[in-house]
Amino acid sequence: MAVVVIGGHTRNIGKTSVVAGLIAAMPEMRWTAFKVTQYGHGICSANGEPCDCETDDHTVAVTEERNAASGTDSARYLAAGASRSFWVRTRQGSLAEAMPRVKKEIAAAAGAVILESNSVLRFLRPDLFLSVLDPGVEDFKESALRYLDRADAVLVPPGGLAGVAWHGVSLKLIDGVPRFEVAAPGYVSPAVVEFVRGRLLSA
C-alpha cells in the first residue's frame, strides 16, 4: 500500500487541487484520502466554525465524507474519484490524538493513501512527499519549513521560484529536488502524474 503526502507552505496555494488532480489522474490506485486541518483559538475543531467551546473533550474530530457535493475539501476528493475520504480536524498541537484513528483507516485502505498535511510527517514516513510552493505568497508555516528537506519533489507556479519572498527560508533545503511547474486550476501536469506513478510503482 503506497502512501503519498501533499504539503505546502501556506493555505490557498493549490494543495487540495493537487490531491484531487492526482486522484482523478490515477483512478486505478483506488485512493483513500485525508484532509488534515488544525485549528487555533476560537475555531471549533468539530466543525471548523468560530466558537468558544474549546474543551478537553472537543479537541479532535475525524469524520468520513460521504457527500461529494458538500463543498468541503474532502468532498472534492470524493468528486475526483477517491474510494473513501476523511476530514481530520484537531486543535493545534493535538494531531497525535487523531493518529490512531488515521492509522487504522490507512491500514484498512483497499488501495493507495493520500494525505493533505505537513504535520502528519511527524507520525508517518510516506512513500512520496510533494510540497507545493508559491513564491508570491509570503507566509511560510513552521510545519512546512520543518519538513521541507524531506520533499521528494516540489510543485511551483510557472516561472519557478523567482522572486521568493520568504524570510529565513533557505532554498538549499531543496537543492537537487525535482521541480515541476504547475498552474491553476488543475495544479497537476502530465509530468507530475508520470513522476508520482513511477515512484509509487517502484515503491
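Tutor: Start with a definition: buried means under 20% relative accessible area, exposed over 50%, and partly exposed in between, using a 1.4 Å probe and protein chains only. This is a predicted model: local features need pLDDT of at least 70, side-chain atom pairs count only at pLDDT 80 or more, and totals for chains, interfaces and linings use all residues. Residues are numbered from 1 along each chain as its sequence is written, and side-chain values use heavy atoms, with hydrogens and water left out.

Student: What percentage of the residues of the protein chain count as buried?

Tutor: The protein chain has 203 residues. Apply the cut-off to them, and the buried share is 48%.

Student: How many helices and strands does the protein chain have?

Tutor: Helices (H or I, at least four residues) and strands (E, at least two) are DSSP runs, numbered from the N terminus. The elements run β-α-β-β-α-β-α-β-β-α-β-β-α. The totals are 5 helices and 8 strands.

Student: Why is the chain as compact as a globular protein of that length?

Tutor: The radius of gyration is taken over C-alpha atoms, and the globule rule is 2.2 Å times the number of residues to the power 0.38. For 203 residues the rule gives 17 Å. The chain is as compact as a globular protein of that length because its radius of gyration is close to this, at 16 Å.

Student: What is the strand order in the open sheet?

Tutor: Two strands pair if DSSP finds at least two bridges between them. The edge strands, β3 (60-64) and β8 (179-181), each pair on one side only. The pairing is mixed, and the order is β3-β4-β2-β5-β1-β6-β7-β8.

Student: Which residue in β5 is the bridge partner of Val5?

Tutor: β1 and β5 run parallel, joined by 4 bridges. In β5, the partner of Val5 is Leu115.

Student: What angle does the direction of α3 make with that of β4?

Tutor: Axes are lines fitted to C-alpha atoms, for helices over the stretch in contact, and angles run from 0 to 180 degrees between N-to-C directions. Contact means heavy atoms within 4.5 Å. α3 packs on the sheet and touches β1, β2, β3, β4 and β5. Its direction and that of β4 make an angle of about 170°.

Student: Is Ser143 buried or exposed?

Tutor: Ser143 lies in helix α4. Not counting residues up to four places away in sequence, Ser143 touches Asn118 and Ser119. Its relative accessibility is 13%, so Ser143 counts as buried.

Student: Is Gly163 buried or exposed?

Tutor: Gly163 sits in the loop between β7 and β8. Its C-alpha atom is separated by 6.4 Å from that of Pro135, 28 residues apart along the chain. The relative accessibility of Gly163 is 65%, so Gly163 counts as exposed.
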